[in-house]
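Work through the exercises below with the sequence and the model side by side. Each task is followed by a solution in steps.

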Amino acid sequence: MPGRLLRGLWQRWRRYKYRFVPWIALNLNHNPRTLRYVPEKSKDKVISDEDVLGTLLKVFQALFVNDFNKQSDILTVLPEAVKSKYQDLLLVQHPRLKFLEHRHQQQNMFKPEEILYKTLGFSIARATSSLISAGKGVFVTKGLVPKGAVVSMYPGTVYQKYEPIFFQSIGNPFIFRCLDGVLIDGNDKGISKVVYRSCTGRDRLGPLKMSDSTWLTSEIHNPLAVGQYVNNCSNDRSANVCYQEFDVPAVFPIELKQYLPNIAYSYDKQSPLRCVVLVALRDIKQGEELFSNYYTIVS
């Protein structure tokens with residue numbers, strides 16, 4: 001019995017260590033490729049915020065149009081100009097709807113991963129990592145990810161550095177620390193899951209959802225929201241993506257916030273919502289696993 005327990009603990013540690021901050025820190029000298037040196041916090045940008053925003057809007061608008069038959073409650077509170085824009089997009093992207101007499105009876109025409117492929121030219125998914133005992137990873141399942149493309153998002157509850165996260169952090173390998181100390185809890189289980197759902201319900205405005213909670217389930221509506229499962233690079237697997245912080249601007253369309261996989265722990269109208277995206281450092285081909293350098297060193 002003790003031997004079986006020890007073997008179980010050892011196997012769990014071998015999976016967990018790839019996300020355990022002290023272990024990664026102690027092994028930095030053995031793998032310098034896990035480091036990305038940044039001269040200033042403000043220069044920690046592989047691509048511009050405008051490019052990140054443009055990509056998210058492009059994907060989210062395509063998802064919205066694909067979910068059009070489910071958006072009736074939201075459409076009733078939107079200005080006529082905005083509704084007309086989406087109706088025009090619907091007919092452009094799906095011209096065969098012109099011949100349907102009962103649009104409201106139609107189900108989604110494409111799965112979210114298909115929308116991602118049609119919009120950005122690639123799709124991604126979680127699967128068993130190619131790293132031994134590393135658990136799940138994220139792979140390019142179709143198409144080609146070009147260098148500089150937003151390839152994924154890191155979902156989760158966003159905590160300011162002064163907010164309590166002790167109990168959520170116990171045994172949690174999915175907490176991401178931003179340069180300014182902001183934390184994102186990307187765990188889709190346990191107390192982390194409960195907290196995220198609670199915050200999502202708190203911020204909802206009638207039919208308008210301020211965030212996406214489907215990343216907590218097996219039916220993900222935003223196909224980019226799998227970034228918490230991207231593993232750290234290793235000695236023989238160099239990084240092909242890196243993390244980049246992005247604050248959601250005030251002008252972000254309210255009807256598209258339902259696809260944002262992040263929510264603030266405390267309700268705050270003044271501070272922008274922090275998101276973290278993963279950006280491709282090179283072209284990434286179909287079948288490749290995504291690997292990131294978790295550490296950004298400010299020199």
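Helices (H or I, at least four residues) and strands (E, at least two) are DSSP runs, numbered from the N terminus. The model is predicted, so local features need pLDDT of at least 70 and side-chain atom pairs count only at pLDDT 80 or more, while totals for chains, interfaces and linings use all residues. Residues are numbered from 1 along each chain as its sequence is written, and side-chain values use heavy atoms, with hydrogens and water left out.

**Exercise 1.** Describe the surroundings of Ile 74.

Step 1. Ile 74 lies in helix H4, residues 72-75.
Step 2. Its relative accessibility is 7%, so Ile 74 counts as buried (buried means under 20% relative accessible area, exposed over 50%, partly exposed in between, with a 1.4 Å probe and protein chains only).
Step 3. Leaving aside residues up to four places away in sequence, Ile 74 touches Phe 64, Pro 207, Leu 208, Glu 255 and Gln 258; contact means heavy atoms within 4.5 Å.
Step 4. From Ile 74 to Lys 209 the C-alpha distance is 9.2 Å, although 135 residues separate them in sequence.

**Exercise 2.** Determine how H3 and H5 are arranged.

Step 1. The axes of H3 and H5 (residues 80-93) come within 10 Å and cross at roughly 80°. Axes are lines fitted to C-alpha atoms, for helices over the stretch in contact, and angles run from 0 to 180 degrees between N-to-C directions.
Step 2. H3 is therefore roughly perpendicular to H5. Angles under 35 degrees count as roughly parallel, over 145 as roughly antiparallel, 65 to 115 as roughly perpendicular and the rest as oblique.
Step 3. H3 contributes Gln 61, Ala 62, Phe 64 and Val 65 to the contact, and H5 contributes Lys 85, Tyr 86, Leu 89, Leu 90 and Gln 93.

**Exercise 3.** Which residues of H6 are buried, and what covers them?

Step 1. In H6 (residues 112-120), the buried residues are Ile 115, Leu 116 and Thr 119.
Step 2. Viewed down the axis of H6, they fall within an arc of 100°, so they line one face of the helix. The arc is that of the directions from the helix axis to the C-beta atoms.
Step 3. Their cover includes helix H3 (49-66) and strand S2 (122-128).
Step 4. After H6 comes Gly 121, with a positive phi near 90°.

**Exercise 4.** State how confident the predictor is.

Step 1. pLDDT is the predictor's confidence in each residue, from 0 to 100.
Step 2. The chain average is 86, and 80% of the residues score at least 70.
Step 3. Over residues 17-26, pLDDT stays under 50.
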